[in-house]
Each structure stands twice: as C-alpha cells, then as structure tokens.
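Please open the model in your viewer and keep the selection tool at hand. The stops below are given in the order in which they may be selected.

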Amino acid sequence: MAICLPQGNKIFQPAKPSPTRSAALSGGAGPEDIAASSMDLEKVAQGVRLILEGIGENPNREGLLETPSRVARMYQELLYGTGTEAGSEITCTFNEDTDELVLVRDISFSSTCEHHLVPFVGVAHVAYIPEGGKITGLSKIARVVELASRRLQVQERMTAQIADAMMSRLSPLGVAVVLEAEHFCMSIRGVRKPGARTVTSALRGIFKENKATRAEVMALIHGHHV
C-alpha cells in the first residue's frame with residue numbers, strides 16, 4: 001500500500017541554531033553544509049514520520065513533533081561523506097628526506113552500519129612508508145578516516161577505502177590500516193554481545209609483500225616492543 005503525503009505538507013523544519021553553534025560554524029561551511037546539497041532532508045523526515053506511525057507512536061504528540069526534523073539533521077551530519085572519495089582530504093603534501101615508517105594510532109571514529117542503520121564505533125590505526133620523501137600532514141590521515149566513516153558502511157570496506165585512499169594520494173611504498181570497532185547491531189540486538197570488537201586490516205605494497213615489515217608495524221600498532 002502506497003502512503004502519500006499531501007503536496008506542500010512539509011515535515012522537515014530547519015533548526016534555529018544556538019549562538020554557540022552559529023559561532024562554531026561562522027568560519028566557513030561545516031560537514032552539514034557539505035551534505036546539504038545532495039541529501040533530501042524533507043524525504044528523510046517523511047520517512048522518520050512513517051517509522052513513528054509504523055511502530056504505533058503518535059508523531060503529533062509534543063515530544064515527537066520535532067523528531068523527524070531532528071533525525072534528518074542527524075543523518076545529514078553522520079553521512080556527510082556519502083559519494084565523496086576519502087582521499088580528497090589529502091590536500092597537501094611535503095617532501096622530507098625520509099623513508100621511515102609513519103604511524104598514527106588510535107584515531108577514534110564512528111560510522112553507521114548499512115545493514116541495520118545503527119552505529120559502530122572504534123579506533124583506526126594507519127601507517128605508511130613514504131616513497132621519495134613524500135609525506136602529508138598527520139591531521140590529514142585522521143581526516144581520511146573521518147570522511148570514510150561518514151557514510152553507510154561495513155567495516156571491511158571502510159578499512160580498504162582508507163588504505164586505497166592513502167595509496168592513491170601519496171603513492172607510498174606501502175600502507176597498513178587496522179580498524180577495531182564495536183558494532184551496536186551485535187551489542188544491542190540479535191546476539192546481544194556488548195564489548196565484542198571486530199578487527200579488520202588492509203595491507204598494501206611492502207606491508208603485504210614483506211613479512212618483517214608487516215610484523216614491525218603490527219607490533220607497533222598493538223603496542224608491543226619490536
């Protein structure tokens with residue numbers, strides 16, 4: 001059965017930003033603005049209203065009146081990376097006389113599981129070995145992780161996307177990416193095993209080809225002395 005809304009019956013209502021939030025965004029476009037051009041917030045809000053009706057709630061009661069709009073804005077923030085290549089965050093590179101390992105550990109992230117639309121949260125460890133001294137800012141590595149996470153994801157694909165983005169933008173000798181995350185689709189539903197963590201890895205270049213180099217980076221990632 002098709003459910004149609006009357007023409008002109010707008011559900012999504014833009015929020016009135018607080019002075020603090022306005023000040024935080026006044027320096028330029030934030031993630032919400034990036035997503036606004038491609039995300040149909042009205043359609044998202046309509047879908048949320050249908051969910052509320054479907055579970056037997058009254059979307060017109062006081063506590064739920066603004067919920068469709070709030071959820072639409074939430075998805076705008078959580079999924080702003082949809083359709084954007086994660087490597088686009090690497091906007092600058094530098095040349096240094098080094099071919100030694102660069103590792104950034106414990107980059108926190110939260111993403112949205114595409115199977116149940118619930119979060120999975122964890123940390124990413126990203127390492128690379130420069131080729132010809134070509135490096136990037138450390139914050140750019142964290143931004144690659146952030147952008148890869150801000151879309152509907154599965155952890156396995158996200159791990160590979162980060163590794164491929166680093167390889168594409170920096171052309172290093174190798175890249176190693178390890179993600180550790182707790183998935184709420186396992187923690188709060190289904191098997192209900194809170195605290196279980198999923199670990200995935202993606203190896204490129206020398207990390208895949210050379211056992212000693214791979215062992216070194218894995219020992220550093222997991223906090224052991226080589």
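Begin with helix α3, which gives the most to the lining of the second largest pocket, with four residues. Helices (H or I, at least four residues) and strands (E, at least two) are DSSP runs, numbered from the N terminus. The model is a predicted one, in which local features need pLDDT of at least 70 and side-chain atom pairs count only at pLDDT 80 or more, while totals for chains, interfaces and linings use all residues. Residues are numbered from 1 along each chain as its sequence is written, and side-chain values use heavy atoms, with hydrogens and water left out.

Next, select the lining of this pocket: Val44, Val48, Ile51, Leu52, Thr67, Val71, Tyr75, Leu79, Leu117 and Leu152. The elements that give two or more residues to it are α3 (41-54) and α4 (67-78). A pocket is an open set of points on a 1 Å grid over the protein atoms alone, where a 1.4 Å probe fits, with protein on both sides within 12 Å along at least five of seven lines; lining residues have an atom within 4 Å of a point. The space in the second largest pocket is about 270 Å³, a volume being the space filled by probe spheres set on the points, which are joined across faces, edges and corners.

Now turn to the sheet. Its five strands follow the order β5-β2-β3-β6-β7, with mixed pairing, and the sheet is open. Two strands pair if DSSP finds at least two bridges between them. At the edges are β5 (152-153) and β7 (198-205), each of which pairs on one side only.

Select β2 (residues 102-113) and β3 (residues 119-129), which run antiparallel and are joined by nine bridges. Which aromatic pair can be found here? Phe109 and Phe120 form an edge-to-face pair, 6.1 Å centre to centre and with 80 degrees between the planes. Ring centres within 6.5 Å make a pair, and planes over 60 degrees apart count as edge-to-face. Because Phe109 lies in β2 and Phe120 in β3, the pair ties together parts that are 11 residues apart in sequence. Phe109 counts as buried at 5% relative accessibility, and Phe120 is buried at 0%; buried means under 20% relative accessible area (1.4 Å probe, protein chains only).

Finally, select Val217 in helix α9. Val217 is buried, with 0% relative accessibility. Not counting residues up to four places away in sequence, Val217 touches Leu101, Ala127, Ala176 and Phe207, where contact means heavy atoms within 4.5 Å. The C-alpha atoms of Val217 and Tyr128 are separated by 9.3 Å, although these residues are 89 residues apart along the chain.

Note on methods:
Buried means under 20% relative accessible area, exposed over 50%, partly exposed in between (1.4 Å probe, protein chains only). Rings of Phe, Tyr and Trp (its six-membered ring) pair if their centres lie within 6.5 Å; planes under 30 degrees apart count as stacked, over 60 as edge-to-face and the rest as tilted.
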